[in-house]
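Me: I am new to this structure. Please show me how to read its features, one at a time.

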Amino acid sequence: MTTQLSALRRNLLNWFRQNKRELPWRQKRHWYTTWLSEVILQQTTVEQGLPYYHAFVERFPNVHTLAEAEEQEILHQWQGLGYYARARNLHKAARQIARQHHGRFPNDKKLALALPGIGPYTAAAILSLSYNRPYAVVDGNVTRVISRLQAIAEDIRLRSTQKIIEQHAQTLLSKKYPGAFNEAMMELGALVCTPVAPRCPVCPLSRWCLAYRQQKTDALPFKSAPPPKKRQYHWVVVYENTHRYLIRQRPEKGLLARMWEFPVWETDARQLKNTDSLSVRLSGHRISRVSGLMRHVYSHINLQYRAVLVEGSPEETPGTGTRKWVKKEEFNNYPIHKAHRHIINWLLNDQKGR
DNA sequence: AATTCGGGGGT
DNA sequence: ACCCCAGAATT
């Protein structure tokens, strides 16, 4: 049995050596760039994360530059990537590493897990990849590979199933080359053991794969359906006054925390179809333009919204947070989330307005 | 244990 | 439309 396990590891590591992608964070393997890439790649594809990684290394080449930066600048660098708590936690953790850990990432799992934004996956990834510590990573790729390898049919959304997979991962892990093994498992999931149409004929693990032997690779892993998304409907009001536009900062907590946006009025599907209700609330303002219907999909919300360009200032302060009147050129100085970036494009480019 | 956190790409 | 992606924090 032990020899089979060794053969499996050897096969996987050889495959990885010959087939791995050349990625910037794989060049030197310093903990800082490993940490940065791991956080950027949480729930994010390599292609989407790459430009952000380059920009971050350029602007924040080490933990000290990151620790000394303003959170708003880090959010600005992160804008468009989503899950902005990652950026806020990155900043918090950088300051803790600088002050409490003498500018080095703690070579200890418990201390690593105590840092903001460092969970079980990221702690194991950084410790194994940059310090060669024997912790198995379990991400979406590894979950898929192991559920097929061991023909685990239980719902991978269940914590109990995740525990079983973690145990398999820790057993499989090469204790001699934990970093390379972890990367190899993830790379296998990304390139060979894919969610749809896995490339089993070229898989280095196929001779040990129970799902392959039982022709169940298309059925595994099994994942139960997620809860349905909620629906939200917004009027987004763009106030224009002497070539300046009103924006505000979102609250400290919750969705898109501390990002900037135009004032928003929540409405319903019916009201969003016409401007009648809007004319009432905006009485006294001249409506210059109304956009077409826009949609934005969040993890748990389906948002539909329309922008309205009006002249003048609001009678009442929309929201309680910080507000600013900014010129067109100044939009780029603020971290603004994607849905409202689309409104800026509508404002600046789409002069027809539909 | 469930829910809340973005945004892009594939099928 | 639905799924997935080098997940973590909060409730």
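Reply: Begin with burial. Buried means under 20% relative accessible area, exposed over 50%, partly exposed in between (1.4 Å probe, protein chains only). In α2, the buried residues are Trp31, Tyr32, Thr33, Thr34, Trp35, Leu36, Ser37, Glu38, Val39 and Ile40. Helices (H or I, at least four residues) and strands (E, at least two) are DSSP runs, numbered from the N terminus.

Me: What covers the buried residues of α2?

Reply: Look for contacts, meaning heavy atoms within 4.5 Å. The cover includes α3 (46-59), α4 (63-68), α5 (71-78), α6 (85-100) and α8 (120-131).

Me: Where do these numbers come from?

Reply: This is a predicted model: local features need pLDDT of at least 70, side-chain atom pairs count only at pLDDT 80 or more, and totals for chains, interfaces and linings use all residues. Residues are numbered from 1 along each chain as its sequence is written, chains are lettered from A and ligands numbered from 1 in the order in which they are written, and side-chain values use heavy atoms, without hydrogens and water.

Me: How many helices and strands are there in chain A?

Reply: Chain A has 14 helices and eight strands. Of its 354 residues, 49% count as buried. Its C-alpha trace spans about 80 × 50 × 35 Å along the principal axes.

Me: Where is Lys253, and is Lys253 buried or exposed?

Reply: Find the loop between β2 (244-249) and β3 (260-261); Lys253 sits there. Lys253 is exposed, at a relative accessible area of 74%.
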